[in-house]
Amino acid sequence: MHYDIDYSAIENADEKRAKAVADITEFIGEKAIAKIADYVKDCEESDPISLDEFKIAVSFAGVTGYPVIALYEQLTGRTE
């Protein structure tokens, strides 16, 4: 099943990011998010993961688009 979520009505960037992260967490689950967060943290210490690498990895869970970028920004503290 495929569906899109439109975040364009949310003007505040922090609220938009929080909603997108909540949506991806609801979709793949808190346990998976925790595993992703641990992996990203490990990478940050030795070989930081790029946004493109992160997009590919998270796409295997069936998630693409802005929620992936929002989660990446939250986990790495970087904006791309």
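Axes here are lines fitted to C-alpha atoms, for helices over the stretch in contact, and angles run from 0 to 180 degrees between N-to-C directions. Helices themselves are DSSP runs (H or I, at least four residues), numbered from the N terminus. With that in hand, the axes of helix 1 and helix 4 come within 8 Å and cross at roughly 105 degrees.

A word on the source: this is a predicted model, where local features need pLDDT of at least 70 and side-chain atom pairs count only at pLDDT 80 or more, while totals for chains, interfaces and linings use all residues. Residues are numbered from 1 along each chain as its sequence is written, and side-chain values use heavy atoms, with hydrogens and water left out.

**Helix 1 on helix 4**
- Helix 1 and helix 4 are therefore roughly perpendicular to each other (65 to 115 degrees).
- Helix 1 touches helix 4 (contact means heavy atoms within 4.5 Å) through Ala13, Lys16, Arg17, Ala20, Val21 and Ile24.
- Helix 4 answers with Tyr66, Pro67, Val68, Ala70, Leu71, Glu73 and Gln74.
- Sorted by class, that contact has nine nonpolar residues (Ala, Val, Leu, Ile, Met, Phe, Trp, Tyr, Cys and Pro), three charged (Asp, Glu, Lys and Arg) and one polar (the others, Gly among them).

**Helix 2 on helix 4**
- Helix 2 covers residues 30-46, and its axis comes within 10 Å of that of helix 4, crossing at roughly 55 degrees.
- From helix 2 come Ile33, Ile36, Ala37, Val40 and Glu44, and they meet Leu71, Leu75 and Thr76 of helix 4.
- Six of these contact residues are nonpolar, one is polar and one is charged.

**Helix 3 on helix 4**
- Helix 3 (residues 51-59) packs on helix 4 at about 120 degrees, with the axes 10 Å apart.
- Helix 3 is thus oblique to helix 4 as well.
- Leu51, Phe54, Lys55 and Val58 of helix 3 sit against Val68, Ile69, Leu71, Tyr72 and Leu75 of helix 4.

**The largest pocket**
- About 320 Å³ of space lies in the largest pocket; a pocket is an open set of points on a 1 Å grid over the protein atoms alone, where a 1.4 Å probe fits, with protein on both sides within 12 Å along at least five of seven lines.
- Its volume is the space filled by probe spheres set on the points, which are joined across faces, edges and corners.
- It is lined by 15 residues (an atom within 4 Å of a point), and the closest to its centre are Tyr3, Asp4, Gly62, Val63 and Thr64.
- Helix 1 gives the largest share of the lining, three residues.

Definitions and conventions. Helix = DSSP H or I, 4+ residues; strand = E, 2+ residues; numbered from the N terminus. Parallel < 35°, antiparallel > 145°, perpendicular 65-115°, else oblique.
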